[in-house]
Structure formats: C-alpha cells, structure tokens
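Dear colleague,

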Amino acid sequence: MTATHDSPTAAGSGDSATKAFRASRSTGPEVSQERVSEVVTELLAGIHATIRSKKVSYDEFQAAKKYLIDVGEGGEWPLILDVFVEHVVEDVAAEDQEGTKGSILGPYHLPDQVRLDTPATLPRRPDEKGTELLFAGHVRDTEGNPVPGAELDIWHADDEGYYSGFAPHLPDGNLRGVVVADEQGKFDIHTIEPSAYQIPTDGPTGSLIEAAGWHPWRPAHLHLMVRAPGYRTITTQLYFRGGEWLDSDVASATKPELILDPVDSGDGKHAVTYDFTLEPA
Ligand code: MBD
Ligand code: FE
C-alpha cells in the first residue's frame, strides 16, 4: 500500500481522544466516600497481591511508574482503558439489559455529527476507498413495535483503519453521522466497509502490546449508539463474518450476536440487514 499522507501518530490520536473525552464530561459524577473506599481498597489489594506473588522488583516498579507517566503524556489513558478495561464494565452494565447486545464505546466517538434522514449516505471523501455497504434494518421496542424517528449515531474507520477526528489527514466528520429512522423505524445507511483497526504502535499502548508479545488488532467494526426518547440507549459494535481478528480482538469486545453477514448485491457492493431492539428506559 502506498500511503499518500503521513501516518497518523499515536500522540496525535491520543491527544484528540483525551480532548474528546474531557469535552464529553464537564463534571465528574458524585461518588460517595464509602464507595471510593471500598472500590479503591479492593483495586489496590489486587495490585499489592500481584507485587507479592510475582515478586515485582524495585526496577520493575520504577519502570511501571515511568510507563504510566508516558501513558498520560501521550494522551493514551482513553485508549488503554477502553482497550483493556471497558469490556468488563460493559459486561456488568449488560447484566440487566434486554434487547440488542451492547459493546464498548471505545475512545473515538464524537458528539454532534451531521443528522441525516434515512435513506442516508455517511459523509465521505470523493475518492473514498472500500467496498460499498448498504446497512439497513429496523429499530423496534421489546414488544416488536417500531420506534419511529430512532437515532442511529454511527461512526467507523475508513478502508485504511483510520478514524476521522483522530487522524489529521481525514476531513472532519468523515464516515460519521446520526441517521434518523423513518415512521416504521426503518433505516438505510450507505457507507463503505471499514478495515480492521490497529492500535498505534508508536505510543505507550502499542509499546506495552509489543513488549508483552500480544497483537495490536481489533477486527473491522461499525460503532453505533441507537437512541430514542423513553428508551435505554444501546451502545454497540457490529463486526463482519469471516473478518480477521474476530476471535482475538485486543479489546475483547466481540460477541457472537454482533456479527453481520453481508451478501453481494452486485457491482461488487455488499448489503446487510440488522435489527435493533430497544428496552424502555
Ligand atoms: C477502536 O477503534 C476501538 O473501537 C476501541 C474500543 C479501542 C481502540 C480503537
Ligand atoms: Fe473502533
């Protein structure tokens, strides 16, 4: 592949992810002293137990300190926490969730993207590469009734695995949009299939993955938040049958119910349907 642009750097996307996260949370939630104490005490006990059982040395402790400083300076706290921790938070949140399965939000959601009535084509460059995809379906409630006007907030990587807003060579808003379903809760979204995503290898998250001998890949995926007034918002991701890394996602965020089966619709284009079920808020 010949790149026609400088490769986006980890520091660039890390900074953007930190800024986007700060902008999305103006104030932290209120957490009681009791809760802080019980959760942090158990968290620290886990770290202490690992130090004892693995006989962590002073050199290793200082290396860890340096590493954590680097994660912060590189703006990679959103990335590393979403890759290695968020999936368990999502599992816990999902315990009482009906309807469509959720998955992690990840670090690359941006609010306030262009609103488009269905049928919609996500903003793309004139020469956007990748297989054309028609992604269609219905949004219904848990009793099977349509949810008219449901919003499908969708964002995904391009054919090289980069996200707009986090890779400077991409126009703002590329492959992002909020698609409004029709009176029957139906949506038709034209876009292109994303490529697999590789954690940037030049930053601290990538260097940990390399140091541990793991691989830095997430399978190709679409991100979605599906919402409507009176319903619990679903945050999820959809994957592609046969895609590489489905069985070893570095972020542990795949679920069998979230795998799409696109079919050829002629002209080399793909089409797939997927229906969403929202539970009452
Ligand atoms: C991604 O694209 C993503 O979805 C997650 C969860 C982490 C890193 C990059
Ligand atoms: Fe992603």
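**The nonpolar surface patch**

Helix α2 supplies the largest share of the nonpolar patch, namely 6 residues. The model is a predicted one. The patch covers about 850 Å² of the surface and is formed by V31, V36, V39, V40, L44, I47, I51, V56, Y58 and F61. Two elements contribute two or more residues each: α2 (33-53) and α3 (58-73). Y58 belongs to helix α3. With a relative accessible area of 67%, Y58 counts as exposed, because that term applies to values over 50%.

**The iron site**

The iron ion (ligand 2) has three protein donors: the OH atom of Y163 and the NE2 atoms of H221 and H223, at 1.9 to 2.1 Å. Along the sequence, these donor residues follow the spacing Y-x57-H-x1-H. H221 and H223 are both buried.

**Ligand 1**

- R218, with an N or O atom at 2.8 Å
- H223, with a polar side-chain atom at 2.9 Å
- H221, with an N or O atom at 3.2 Å

Taken alone, ligand 1 exposes 260 Å², and the protein buries 100% of that area.

With kind regards

Conventions: Residues numbered from 1 in each chain as written. Chains lettered and ligands numbered in written order. Predicted model: local features only at pLDDT ≥ 70, side-chain atom pairs only at ≥ 80, totals over all residues. Heavy atoms only, no water. Patch = residues over 30% accessible without salt bridge, like charges linked within 9 Å, V, L, I, M, F, W, Y side chains within 5 Å. Areas by Shrake-Rupley, 256 points an atom, 1.4 Å probe, with all protein chains shown as cover. Salt bridge = Lys/Arg side-chain N within 4 Å of Asp/Glu carboxyl O. Helix = DSSP H or I, 4+ residues; strand = E, 2+ residues; numbered from the N terminus. Buried < 20%, exposed > 50% of the residue type's maximum accessible area, 1.4 Å probe, protein only. Donors = N, O, S within 2.8 Å, 3.2 Å for Na, K, Ca; no water. Polar contact = N/O pair within 3.5 Å; in protein donor to acceptor, adjacent residues only side chain to side chain.
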